[in-house]
Amino acid sequence: MRVCIQRASVAFIAVLALSVRPGAAEEERPIETFEDRPETRWEFIADTVMGGVSTGRVGFLTEDGTAFARMTGTVSTENNGGFIQFRTRLDAPPPDGTGGVRLIVRGNDQRYFVHLRTTGTLLPWQYYQAGFEATPDWTEVRLPLADFARSGWPLAEVPAPGSLTSVAIVAFGRDHAAEIEVREVGFYRMPGPDALDPSPVR
């Protein structure tokens with residue numbers, strides 16, 4: 001009888017330990033999976049707002065039951081332009097302890113960027129930027145907040161999680177054809193893999 005009780009106690013403790021593993025449920029925090037009218041949450045912006053000539057569009061599609069956003073266009077640096085993007089405003093900032101931005105993306109083997117705006121980016125040309133490669137296969141990308149470069153002074157060197165107000169996916173800085181698809185946008189918590197190395201996603 002005592003052996004049965006001891007075994008039951010060990011099993012209960014093991015289950016309890018798994019259920020309260022620190023950060024297990026909060027390691028990743030998706031903010032967008034592009035379901036349920038994403039067009040009401042995301043806006044397309046091109047450099048035409050400042051006299052540029054880049055063109056493009058964003059659409060929202062479903063493939064094999066998976067929803068995603070697709071941005072296509074042509075980026076031109078003429079007339080001091082050079083970007084197209086689609087952006088969402090955050091309903092609330094990510095929690096303290098957030099380590100970075102997490103995406104699941106695929107694209108045309110070009111380099112793209114995430115732009116973050118904060119309560120301190122008061123002017124339209126202020127942002128924080130980090131780049132990644134979009135390969136033809138769905139890939140998870142993690143961008144540590146510490147790797148986001150500020151667009152200039154007097155912004156803080158590293159964006160604080162509690163100050164974040166928007167996230168944008170951007171084709172930027174050079175003449176090229178853009179085609180990028182994004183099926184998930186979110187944040188991940190620390191501790192976590194602070195790596196830019198892409199991981200294939202099935």
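Helices here are DSSP runs of H or I with at least four residues, strands are runs of E with at least two, and both are numbered from the N terminus. With that in hand, hello everyone: our chain comes to 1 helix and 13 strands.

A word on the model before we go on. This is a predicted model, where local features need pLDDT of at least 70 and side-chain atom pairs count only at pLDDT 80 or more, while totals for chains, interfaces and linings use all residues. Residues are numbered from 1 along each chain as its sequence is written, and side-chain values use heavy atoms, with hydrogens and water left out.

Now some totals. The chain has 202 residues, and 42% of them count as buried; buried means under 20% relative accessible area, exposed means over 50%, and partly exposed is in between, with a 1.4 Å probe and protein chains only.

Two strands pair if DSSP finds at least two bridges between them. On that basis, 6 strands form an open, antiparallel sheet in the order β2-β5-β11-β7-β8-β10. Which strands stand at the edges? They are β2 (42-46) and β10 (149-150), and each has a single partner strand, so one side of each is left without a neighbour in the sheet. For β2, 5 bridges join the strand to β5, residues 83-89, and the two run antiparallel. If you want one spot to look at, W42 stands opposite T88 in β5.

Next, the charges. I call something a salt bridge when a side-chain nitrogen of Lys or Arg is within 4 Å of a carboxyl oxygen of Asp or Glu, and the structure holds 11 of them. Take E63 and R106, whose side chains meet at 3.1 Å, N to O. E63 sits in strand β3 (residues 55-63) and R106 in strand β6 (residues 98-107), so this pair links distant parts of the chain, 43 residues apart. E63 is partly exposed at 34% relative accessible area, whereas R106 is buried at 15%.

Then there is R102 with E184, with their closest N and O atoms 2.3 Å apart. Because R102 lies in β6 and E184 in β12 (residues 176-189), the pair ties together parts 82 residues apart in sequence. R102 is buried, at 9% relative accessibility, and E184 is buried too, at 15%. R142 also forms a salt bridge with E140, at 3.5 Å between the closest N and O atoms, and both residues are buried. What links these two pairs? Together with E28, the residues R102, E140, R142 and E184 belong to a network of salt bridges.

Last stop, the surface. L122, L123 and W125 form a nonpolar patch with about 380 Å² of accessible area together. Patch residues have over 30% relative accessible area and no salt bridge; like charges are joined within 9 Å, and nonpolar side chains (Val, Leu, Ile, Met, Phe, Trp, Tyr) within 5 Å. L122 lies in the loop between β7 (110-118) and β8 (128-134), and is exposed at 68% relative accessible area.

Technical notes:
Accessible areas come from the Shrake-Rupley method with a 1.4 Å probe; for residues, only the protein chains shown count as cover.
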